[in-house]
Amino acid sequence: MVYLRTIKLLREKFPEAGRYPFDLPSLRNLEAIELDTSVTFLVGENGSGKSTMLEAVAYQCGFHTAGGSRNNYYDVHKSEASLGDYIRLSWLPKQTNGFFLRAESFYQFASHIDSIGGSGSYGGRSLHAQSHGEAFMSLFTNRFNSKGIYLLDEPEAALSPKRQLAFLFLMRELVAEGAQFVIATHSPILMGFPGAKIFSFDESPVQEVRYQETEHYQLTRRFLEKPAAFLDE
Ligand SMILES: Nc1ncnc2c1ncn2[C@@H]1O[C@H](COP(=O)(O)OP(=O)(O)OP(=O)(O)O)[C@@H](O)[C@H]1O
């Protein structure tokens with residue numbers, strides 16, 4: 001299901017001076033990103049602006065910008081969502097249920113859940129008592145439900161290849177039940193989700209790219225076919 005349909009940049013509000021985030025090449029001349037599939041991936045080199053965009057969307061969704069949902073008010077320094085006031089989201093229908101996962105501040109999120117005695121909603125065990133990957137999977141299986149918008153920043157960070165595949169199965173179930181995902185990723189496994197749309201932040205402005213055309217796919221494939229030859233090249 002698609003709830004969030006357009007991320008429009010309010011270019012007329014951009015300040016004149018070329019500074020972060022307005023000077024990111026991926027945002028130059030970008031008018032909007034159109035989302036018309038249940039799963040959308042944001043891909044591109046480190047520093048290309050994926051997190052900046054996802055954080056701005058989370059901010060406009062009203063989610064805690066350090067990770068969480070609308071109901072998570074915890075005392076971790078919120079990220080400033082530098083692009084947050086410079087985008088507009090178009091919804092049809094509007095969806096307020098959902099979650100923003102930030103791999104980098106997941107530890108603080110887990111502490112917050114412990115402090116409010118909320119681990120019952122996460123498989124009954126403190127997220128801290130689970131490995132990083134197990135805690136991620138607990139979050140996905142227990143906390144994500146069908147109707148919602150899920151913004152995930154590098155969810156593969158803690159997941160083995162097998163768990164990444166398990167996550168794809170879970171995502172397929174959730175999508176069938178009406179979930180929407182927008183995911184920033186470097187994982188050639190995750191971005192292979194059938195039917196997903198992929199936007200490359202390596203282009204200026206951001207552009208849609210086919211899975212097989214992504215650098216992630218091509219490099220991984222060439223490497224896996226002949227690791228030694230690849231390194232000798
Ligand atoms: N608060 C900030 N002030 C100034 N520059 C910033 C700030 N936050 C990020 N940047 C810079 O903006 C660029 C884009 O950062 P961003 O985190 O959006 O990239 P990314 O595509 O998500 O990268 P990665 O794949 O490494 O997570 C980077 O070069 C980063 O150093």
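**Note on the predicted model**

1. Strand 3 (residues 39-43) and strand 8 (residues 197-200) run parallel to each other and are paired over four bridges; here strands (E, at least two residues) and helices (H or I, at least four) are DSSP runs numbered from the N terminus, and two strands pair if DSSP finds at least two bridges between them. Within this pairing, valine 43 stands opposite serine 200 of strand 8. Strand 8 also pairs with strand 9 (residues 207-209), in this case in the antiparallel sense and over three bridges, and serine 200 has glutamine 207 of strand 9 opposite. Strand 8 and strand 9 make a hairpin, with six residues between them.

2. A word on the basis of these points: this is a predicted model, in which local features need pLDDT of at least 70 and side-chain atom pairs count only at pLDDT 80 or more, while totals for chains, interfaces and linings use all residues. Residues are numbered from 1 along each chain as its sequence is written.

3. For the chain as a whole, there are six helices and nine strands. Of its 233 residues, 39% count as buried, a residue being buried if 20 or more other C-beta atoms lie within 10 Å of its own, exposed if 12 or fewer do, and partly exposed in between, with C-beta atoms placed from the backbone. Among the contacts in the protein chain with a separation of 6 or more, 72% are between residues 24 or more positions apart, where a contact requires C-beta atoms, placed from the backbone, within 7 Å.

4. An open sheet is formed by three strands in the order 2-1-4, with antiparallel pairing. Its edge strands are strand 2 (32-34) and strand 4 (87-91), each of which pairs on one side only. From one strand to the next the twist averages 15°, the axes being lines fitted to C-alpha atoms, for helices over the stretch in contact, and the angles running from 0 to 180 degrees between N-to-C directions. Strand 1 (residues 4-9) is joined to strand 2 by three bridges in the antiparallel sense, and isoleucine 7 stands opposite isoleucine 33 in strand 2.

5. The ligand is surrounded by 13 residues, of which the closest are Asn46, Gly47, Lys50, Ser51 and Thr52; a residue is counted as near a molecule if its C-beta atom, placed from the backbone, lies within 6 Å of it. Helix 1 (residues 50-61) supplies the largest share of this shell, three residues. By residue type the shell divides into four nonpolar, eight polar and one charged, with Ala, Val, Leu, Ile, Met, Phe, Trp, Tyr, Cys and Pro taken as nonpolar, Asp, Glu, Lys and Arg as charged, and the others, Gly among them, as polar.

6. When residues up to four places away in sequence are left out, alanine 58 touches Phe63, Thr65, Phe100 and Leu151.

7. Two peptide bonds deserve a check in the model. The bond from tyrosine 20 to proline 21 is cis, with omega near 0°, and proline 21 lies in the loop between strand 1 and strand 2. A cis bond also joins leucine 92 and proline 93, with omega about -10°, and proline 93 lies in the loop between strand 4 and strand 5 (98-102). Most residues other than glycine have a negative phi, and most peptide bonds are trans.

8. Positive phi values occur at two residues other than glycine. Asparagine 29, with phi near 65°, lies in the loop between strand 1 and strand 2 and is exposed, because 10 other C-beta atoms lie within 10 Å. Glutamate 154, with phi near 50°, is found in the loop between strand 6 (148-153) and helix 4 (161-176), and it counts as buried because it has 20 C-beta neighbours inside 10 Å.

9. Finally, phenylalanine 106 lies in helix 2 (residues 106-115) and is buried, because 21 other C-beta atoms lie within 10 Å. Phenylalanine 106 and phenylalanine 136 are 30 residues apart in sequence, and their C-alpha atoms are 8.7 Å apart in space.

Technical notes. Contact = placed C-beta atoms within 7 Å.
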